[in-house]
4 protein chains.
Amino acid sequence: MLSFILTVKRFLEALVKAFKNPMFLSLFTTLFLIILSGTLFYTKKEGWGVIDAIYFCVVSLIPTGVNTNLSPVTSLGKIFTMLYLVVGTGVMFITLLTLGKTMINTKALEERKTEGQKKLNEYREKK
Amino acid sequence: MLSFILTVKRFLEALVKAFKNPMFLSLFTTLFLIILSGTLFYTKKEGWGVIDAIYFCVVSLIPTGVNTNLSPVTSLGKIFTMLYLVVGTGVMFITLLTLGKTMINTKALEERKTEGQKKLNEYREKK
Amino acid sequence: MLSFILTVKRFLEALVKAFKNPMFLSLFTTLFLIILSGTLFYTKKEGWGVIDAIYFCVVSLIPTGVNTNLSPVTSLGKIFTMLYLVVGTGVMFITLLTLGKTMINTKALEERKTEGQKKLNEYREKK
Amino acid sequence: MLSFILTVKRFLEALVKAFKNPMFLSLFTTLFLIILSGTLFYTKKEGWGVIDAIYFCVVSLIPTGVNTNLSPVTSLGKIFTMLYLVVGTGVMFITLLTLGKTMINTKALEERKTEGQKKLNEYREKK
Ligand SMILES: [K+]
Ligand SMILES: [K+]
């Protein structure tokens with residue numbers, strides 16, 4: 001459970017840090033609009049529930065092995081899905097990579113801080 | 001609905017901008033030929049409909065969590081699919097990334113324009 | 001059909017060109033060994049046919065929307081699959097990207113050649 | 001079988017080499033915490049077995065064509081999966097790419113060593 005809280009904490013820190021970057025804010029807004037368009041389409045044309053539609057829209061743009069068990073059946077739905085993926089996958093990929101890098105850096109900074117403090121303590125003990 | 005139109009607008013702007021880049025045009029033509037070859041193969045050898053074949057050909061090349069519910073069943077189809085993916089995934093990935101970057105830049109430019117106008121207005125008000 | 005032959009031609013050209021690069025040869029050998037190990041495992045432990053096993057091994061390493069309809073069912077198979085993906089996905093991704101870039105360059109070079117010839121012709125006609 | 005042992009050997013070498021890099025250690029710890037959180041969630045809330053949960057957590061973060069035949073059914077599970085993918089995919093992707101590069105370099109170094117030895121032998125024979 002602790003590991004879960006730690007991950008969430010680091011994730012939130014990374015998110016806050018990432019949002020200070022104006023590029024990331026632009027990235028996030030674009031992505032939000034894309035997912036919103038998709039959710040509206042799939043709820044209306046494919047008749048899915050809201051959570052299912054959001055779930056499909058988010059997972060579809062991520063390079064993942066997850067199988068949502070949701071699949072557009074109408075021809076219009078298939079054509080929309082192609083456009084949706086072409087528009088969104090690139091933006092999502094850049095967002096995920098930026099977020100991933102920020103998380104690792106947050107981690108690396110933390111470790112450097114801990115190490116720095118250790119060395120400081122050692123130095124003090126020597127004195 | 002507005003968000004949908006906005007996304008489509010930005011996407012079309014990004015597309016027009018991307019097409020001015022000769023590299024992207026080359027990218028797009030290569031991709032078009034690859035998808036055309038795939039569509040011809042799957043309609044003839046696996047007996048799929050045209051929309052289904054195009055849908056499978058496009059989605060297959062994209063790193064996505066979407067499950068098309070289409071799957072080649074013949075041995076020839078499986079061998080072709082492997083070659084198709086090896087040939088096309090790299091080209092598609094570069095295309096998607098280029099498109100994603102162009103979309104974010106289009107967005108960033110818009111925001112800079114709006115910000116610039118705001119500052120201009122503030123400056124005018126001060127005067 | 002012509003488009004298919006053109007794609008295959010360009011792909012083969014890109015492959016020949018890529019193989020001249022010693023880095024790519026190393027990449028290809030590594031990948032070959034990885035896929036061979038996987039094929040041996042899945043034919044023996046999961047009891048799949050050879051084509052099915054190769055198909056699964058190749059498609060698994062590619063970031064794609066294709067669903068192979070094959071899935072390891074034994075616990076050993078699942079553990080092996082995790083290791084297989086961790087070892088192979090990175091190498092495959094670099095290979096696909098290198099191949100994709102080479103294909104686009106081959107295309108771009110061709111176009112430049114055609115353009116160069118056009119300009120030469122125009123120049124000759126002027127004279 | 002030999003090819004399998006060779007791949008495992010090179011993989012372990014690459015892993016040892018990668019771990020000497022402090023950046024990679026940070027990467028690996030972050031990833032470990034993420035997968036642990038996921039495993040805890042899916043065993044408790046979706047009621048999956050431990051191996052199935054780990055299998056799903058690892059495969060989900062990898063850009064792969066594998067279909068795990070596992071899929072969260074509860075709404076909470078779907079919401080968690082979205083967050084899990086957004087947090088983890090970027091970190092996993094950087095890890096896989098780093099590992100892939102290290103494996104190729106290990107391979108390239110080996111070959112250079114063998115080539116160097118060959119040239120040395122040729123040189124000795126000439127003398
Ligand atoms: K996938
Ligand atoms: K999939």
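**Exercise 1. Which residue of chain A forms a salt bridge with Lys78(D), and how far apart are the closest N and O atoms?**

Solution. 
Step 1. Find the partner. Lys78(D) pairs with Asp52(A), and the closest N and O atoms are 2.7 Å apart.
Step 2. Side chains of opposite charge can pair when their charged atoms come close.

A note on the model: it is predicted, so local features need pLDDT of at least 70, side-chain atom pairs count only at pLDDT 80 or more, and totals for chains, interfaces and linings use all residues. Residues are numbered from 1 along each chain as its sequence is written, chains are lettered from A and ligands numbered from 1 in the order in which they are written, and side-chain values use heavy atoms, with hydrogens and water left out.

**Exercise 2. How many salt bridges does the structure hold over all chains?**

Solution. 
Step 1. The total over all chains is four salt bridges.
Step 2. Look between chain D and chain A: the rule finds one.
Step 3. Look between chain D and chain C: again the rule finds one. Here Lys78(C) meets Asp52(D), at 2.6 Å from N to O.

**Exercise 3. Describe the side of chain D that touches chain A.**

Solution. 
Step 1. Count the residues in contact (heavy atoms within 4.5 Å). Chain D brings 35 residues and chain A brings 32 residues.
Step 2. Take the buried area, the accessible area (1.4 Å probe) that two parts lose on being put together, summed over both. The value is about 2800 Å², and carbon and sulfur atoms give 72% of that.
Step 3. Name the main contributors. Lys78(D), Met82(D) and Val86(D) supply 18% of the area that chain D buries against chain A, more than any other three residues.
Step 4. Count polar contacts (a pair of N or O atoms within 3.5 Å; within protein, one must be able to donate a hydrogen and the other to accept it, and residues adjacent in sequence count only if both atoms are side-chain atoms). There are five residue pairs, both at pLDDT 80 or more.
Step 5. Locate the elements. α2 (22-45), α3 and α4 of chain D each supply at least two residues. The largest share, 13 residues, comes from α4(D).
Step 6. Sort by class. This side has 22 nonpolar residues, 12 polar and one charged. Ala, Val, Leu, Ile, Met, Phe, Trp, Tyr, Cys and Pro count as nonpolar, Asp, Glu, Lys and Arg as charged, and the others, Gly among them, as polar.

**Exercise 4. Describe the side of chain D that touches chain C.**

Solution. 
Step 1. The contact takes 32 residues from chain D and 35 residues from chain C.
Step 2. Tyr55(D), Gly65(D) and Ile104(D) lose the most area to chain C, together 20% of what that side buries.
Step 3. Four residue pairs are in polar contact.
Step 4. α1 (2-20), α3 (50-61) and α4 (75-126) of chain D each give at least two residues. α4(D) gives the most, with 12 residues.
Step 5. By class there are 18 nonpolar, nine polar and five charged residues.

**Exercise 5. Which protein donors does the potassium ion (ligand 1) have?**

Solution. 
Step 1. Donors are N, O and S atoms within 2.8 Å of the metal (3.2 Å for Na, K and Ca); water is not among the atoms, so sites may look incomplete.
Step 2. The donors are the O atoms of Thr64(A), Thr64(B), Thr64(C) and Thr64(D), 2.7 Å from the ion.

Note on methods. A salt bridge is a side-chain nitrogen of Lys or Arg within 4 Å of a carboxyl oxygen of Asp or Glu. Helices (H or I, at least four residues) and strands (E, at least two) are DSSP runs, numbered from the N terminus.
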